[in-house]
Amino acid sequence: MSEQGYAGLGGWTPETLGVPGEVRRVVCAPDPVLSRPGPEVDPTADETVRLAADLVATMRVSPGCVGLAAPQIGVGAQVFVVDVTGHPKAVTVHGTFVLCNARVVEASRWKPGREGCMSVPDLTGDVKRASRLVVDGVLPGSGAPVRLVTDGFEARALQHEVDHCAGLLFLDRVAGAHAVYQRKVYL
């Protein structure tokens, strides 16, 4: 641990939650839950642990999904899951992890890239994001604080999910209508 009290993900896995996840329906824009900032959560509360397990279960049955935030399953809360394992654009990979109350503390090397979202199923868009990122968050279940340092595609996925928890969609980050495209491939 650093002097700030943060650790890496260590041995945390979704199985650490100790509850089976339930697959939930993904809500789509313009559902109002997607445009409201979610409140912080108690990461040790039973409902937060169940929510984390549901996010993992829902992500795992959704082809091509590399992240999912609580607002996307209709819950206004600062909880999300990310897993870029096996994605062709991913270089740095921390496996499957859930973070609560996450905050970007450092962002650099900004680059544009194409993004899509399960809550905006028919569109993609070009979004400028940091390709190097440091995020502080808390693990569900244990409540352990985590500092995650990542880059590239995983950094993009993290920023996308942090935005969801803040009530933002990728469409809120595009430079304009010229940077929005009809989705060509559905996974």
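Trainee: Which residues of α1 are buried?
Mentor: Thr48, Val49, Leu51, Ala52, Ala53, Asp54, Leu55, Val56, Ala57, Thr58 and Met59. Buried means under 20% relative accessible area, exposed over 50%, partly exposed in between (1.4 Å probe, protein chains only). Helices (H or I, at least four residues) and strands (E, at least two) are DSSP runs, numbered from the N terminus. This is a predicted model: local features need pLDDT of at least 70, side-chain atom pairs count only at pLDDT 80 or more, and totals for chains, interfaces and linings use all residues. Residues are numbered from 1 along each chain as its sequence is written, and side-chain values use heavy atoms, leaving out hydrogens and water.
Trainee: What covers those α1 residues?
Mentor: The cover includes β1 (67-69), β2 (79-82) and β3 (97-117). Contact here means heavy atoms within 4.5 Å. With 11 of its 15 residues buried, α1 is largely enclosed by the rest of the structure.
Trainee: How do β1 and β2 run?
Mentor: Antiparallel, joined by 3 bridges. Strands pair if DSSP finds at least two bridges between them. Gly67 stands opposite Val82 in β2.
Trainee: And β2 with β3?
Mentor: Antiparallel too, over 4 bridges. Val79 has Cys100 in β3 as its bridge partner.
Trainee: Which β2 residues are buried on each face?
Mentor: Val79 and Val81 on one side, Phe80 and Val82 on the other.
Trainee: New topic. How many disulfides?
Mentor: A search of the whole structure finds 0; the cut-off is a pair of cysteine sulfur atoms within 2.5 Å. For Cys65, the nearest cysteine sulfur is that of Cys117, 8.6 Å away.
Trainee: Is Cys65 buried or exposed?
Mentor: Buried, at 14% relative accessible area.
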